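Subject: Structure handover

Hello,

Here is the structure we spoke about, with the sequence alongside. My notes on it follow below.

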Amino acid sequence: MRNPAVDRRARAESLERGTGAMDIAALLDRAASSARTDGANADPAAPDSGPSNSSSSGDDGSNSGSGSGSGSGDSSSSSSSNSSSGDGDDDSSSSGSGSGNGGGSGGGSGNEGSSAHAAKHAVTAALPRATPTPSGSARRWDADALAAAITAVANRFTDAPIDADTDFFDAGGTSVAAVELLAALTRELDIHPDLDTVFFDARPRRLARRWLADHPESTAPQPDPPPAPDSDDLAQLFADLADADRLPIVAPPERVAPRRILLTGATGFLGSHLLLDLLRHSDAHVICLVRADTDDAAAARLEQAVRRFALPWSREVLRRVTPLAGDLREPRLGLTEPRWRALGEDVDSIVNAGAAVDFLRGYPSLRRTNVLGPLTLAELACTGRPTPLHHISSLAVFNGTEAVTLGEDDPTAHVAALPIGYDRSKWAAEAVLRRASEHGLVTTVLRPGGIGAHPDTGAHNPRDLNTGITAALMRFRTVPGFRYLNATPVDWVSRVAAGIVTTPSAWGHTYHLTGAPTTLERVLAETTLGGLGVRVQHWERWCEDVIRAIEDGPVPELSSLAQVLRSPVARRQLAAMVTAPPATATRTDAFVAAHGLPAPASGLAARGKMLETMAGVGPLPGEEPYLRFAETLSGAIGPVGETAEIPCELRLSLSIANTAQMFGSRTLDVTGELTCARLHDEPITVDGTATVRPHDGIPLRDETRHPIMHYRLTLRAASGETWWLHGYKFAAARRRLVRQLGTQVVEIGRTGEPAAFTGEVAVPMHTYLPDQIDGIRIDPRLSERQQRLAKLLWLSWFGGQLGKSLLEPMLRVGTDLLDLRRALRKEHR
């Protein structure tokens, strides 16, 4: 049970109720007093950990915890759940459930190795030891001893060593590791803080003080009074804002297109796309700040991140990119003084796409990346020649507002009304930059909402909350009852942001990179068109049902979503998301229209490829697919080079799990059996895929016919033997068009060996109607109306694809005849 007198969240809520009388001076005074207390009680034996390769930092995104933030993220490293709904910083993301966007960094710089472990042991050895207590008595601590003991335990769960004043997550701790840390503290130290307390501020000294303040019976007798509990996050927030007043007054920068751009967050989801768009749509050279020990390690991490999101990486890209090892959380970005000054003179534009996106961590745990990072970049912009600063913020600054719409120039929410630390950190970053602009800097604020998948590549942030909601919708057929989703595909957000950065006349304003808001009615219409019977639930009931379904499945690919939904803190963010009003983007729309930029992809076009690439969003084993039908093929095969005389029959079932599979990848799942005495005495099990219009119908090499379908099947006998089967249906400009649709040229070989048999199998004409039209079966969970719609949708789409396949060779012949006619006329002249 927490003591409300020292609970930061309770204090923030009390401030919210009395915001009219909030005394900012008193808050700043409390923050200053707390800082003096921290200095007086610093542990002399605890060495300075120096910059740590944290997973939550902003320059590359791996953050931990279960956070959120739409799009951002280098979601790679942690195993926690990152999620997103309403915002879109980049870089951050990794763990948490925030937005977020797979794979890369592992939370550290990548060069730690044994040296990091040795450093951790050295730090642990230097810490003061706790005095053991007699058996059977309650353990009693003084603040320094408990902080040292917590530090020693925490060092077992971090990538880099920490001291008593280093945040657990800044050293690579993840949300999963935080759970393990709590278990270890309970088991070894007999203290049991709750998970929200750790996420709020994970510095061991602060954890120790909060525990002792909440449990005075655990405090050892001491001559001096116990230290005062640390100040609340609002006090720290306003102290951080005061630091912006120390920026120098500068002249406005020259408004010319940038030639040398500093980009942070380039290893995150949005940041990696933004990097490529800056290269594609300008002549600028881009310097990418990446958390790493060396520039070579930074280059390796950057390449890994770019490739992870299905983006191109080549020598040409690297020729215009300079990876720079540094850390957004550190003073001077972790650079030496000469390198800092050289960077300030070199760059003529700064773009901050780095952030720690985490819904569970408190403001004190996020401030270094999300607030002090932008402040450091503002200092850099004042170093040497004045430089414009472009900041990726978030619609999260409006969470808790009572506004009817969210306009680009509308006031943000009151800071005390913002529900979680992440929202407050984004609010504070904007406030810092507003103060910087009053000192002469030109600052541009770009606010994405949720950042969705790339409509062409399907690249997405798997820990993004919007992505999690979509996956839960596909798997469990349920959605929370939201008002609007302010979300847009990453390619559009990145393209518009790059356009603003490279257009001097656009600088100095606030832009909403949200596109048109998506209503619940629109989502229901899209899912109905896709044949999904979706239930709309109150968001609290939806959370409980989804958590239970993920655990009962189990569904490991959605475990990060379950982790977020279990947290009361993260549920506050979800509540703010489902009740959020629509965002308006008048200035952004005008910019897009003036520069001829495309509108964002929407509907199935925007989400289809993502659903195709997401693992495990289809039906569970034993469940009915969205649609299925039978196909029987019979014919003969023979050894390669010989006459096909061996009877062969295929009895197949073709199915799709959802319409995204149909529209996005044009693939069907295939199961069934093959009967061929030459291969095996008993029927052989078949499974694999069939692609409709492979290669977009373009003829294969050394082939004049156009491919209609391509079957890639695996054959398994009960004895364990396996074969492969590749089959093509081709279209050519000749008669018997229907026959072409059913005839398949096949090759069969043992696994790992070349083809041993070839031949043809064909669909008997009398089976077409009963199998492939009347025999279509739709998921029985759908209503009768949805089943009819699903069948009609399939027949129209599949028929259209087959019709195009048959027309293509005829059009090709017509084109060849026209070319021949022109050539003959030319020869005649």
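Arg-477 is buried, because its relative accessible area of 9% falls below the 20% cut-off. The residue sits in the loop that links helix H15 (465-476) to strand E8 (478-480). Its phi is positive, near 60 degrees, although Arg-477 is a residue other than glycine. Asp-190 also has a positive phi, of about 60 degrees, and is not a glycine either. That residue lies in the loop between helix H5 (175-189) and helix H6 (195-200).

Please keep in mind that this is a predicted model. The average pLDDT of the chain is 78, and 76% of the residues score at least 70. Two stretches need care. Over residues 123-136 the pLDDT stays under 50, and the model has 21 contacts beyond four places in sequence for them. Over residues 225-231 the pLDDT also stays under 50, with 18 such contacts in the model.

How are H13 and H14 oriented to each other? Helix H13 (residues 363-381) and helix H14 (residues 421-438) pack at an angle of about 20 degrees, and their axes are 9 Å apart. Angles under 35 degrees count as roughly parallel, so H13 is roughly parallel to H14. Their crossing is right-handed. On the H13 side, the contact is made by Tyr-363, Leu-366, Asn-370, Val-371, Pro-374, Leu-375 and Ala-378. H14 contributes Gly-421, Tyr-422, Arg-424, Ser-425, Lys-426, Ala-428, Ala-429, Val-432, Leu-433 and Ala-436. By class, the residues of this contact are 12 nonpolar, 3 polar and 2 charged.

Helix H16 (residues 490-501) and helix H21 (residues 586-594) pack at about 80 degrees, with 11 Å between their axes. This angle lies in the range of 65 to 115 degrees, so H16 and H21 are roughly perpendicular to each other. Trp-492, Val-496, Gly-499 and Ile-500 of H16 make the contact with Thr-588, Phe-591 and Val-592 of H21. The residues of the contact of H16 with H21 comprise 5 nonpolar, 2 polar and no charged.

His-391 belongs to strand E5 (residues 389-392). Its relative accessibility is 1%, so His-391 counts as buried. Beyond its neighbours within four places in sequence, His-391 is in contact with Asn-352, Pro-374, Lys-426, Ala-429, Leu-433, Thr-444, Val-445 and Leu-446. Among these, Pro-374 of H13 and Lys-426, Ala-429 and Leu-433 of H14 also take part in the contact between the two helices.

Asp-358 is in the loop between strand E4 (349-352) and H13. At 0% relative accessibility, Asp-358 counts as buried. Tyr-422 is one of the H14 residues in the contact with H13.

Last, helix H8 (residues 233-243) is mostly covered, with 8 of its 11 residues buried. Those buried residues are Asp-233, Leu-234, Ala-235, Gln-236, Leu-237, Phe-238, Asp-240 and Leu-241.

Regards

How values were computed:
Residues are numbered from 1 along each chain as its sequence is written. This is a predicted model: local features need pLDDT of at least 70, side-chain atom pairs count only at pLDDT 80 or more; totals for chains, interfaces and linings use all residues. Side-chain values use heavy atoms; hydrogens and water are left out. Helices (H or I, at least four residues) and strands (E, at least two) are DSSP runs, numbered from the N terminus. Buried means under 20% relative accessible area, exposed over 50%, partly exposed in between (1.4 Å probe, protein chains only). Contact means heavy atoms within 4.5 Å. Axes are lines fitted to C-alpha atoms, for helices over the stretch in contact, and angles run from 0 to 180 degrees between N-to-C directions. Angles under 35 degrees count as roughly parallel, over 145 as roughly antiparallel, 65 to 115 as roughly perpendicular and the rest as oblique. Ala, Val, Leu, Ile, Met, Phe, Trp, Tyr, Cys and Pro count as nonpolar, Asp, Glu, Lys and Arg as charged, and the others, Gly among them, as polar. pLDDT is the predictor's confidence in each residue, from 0 to 100. A crossing is left-handed if the near helix is turned anticlockwise from the far one by less than a right angle, and right-handed if clockwise.
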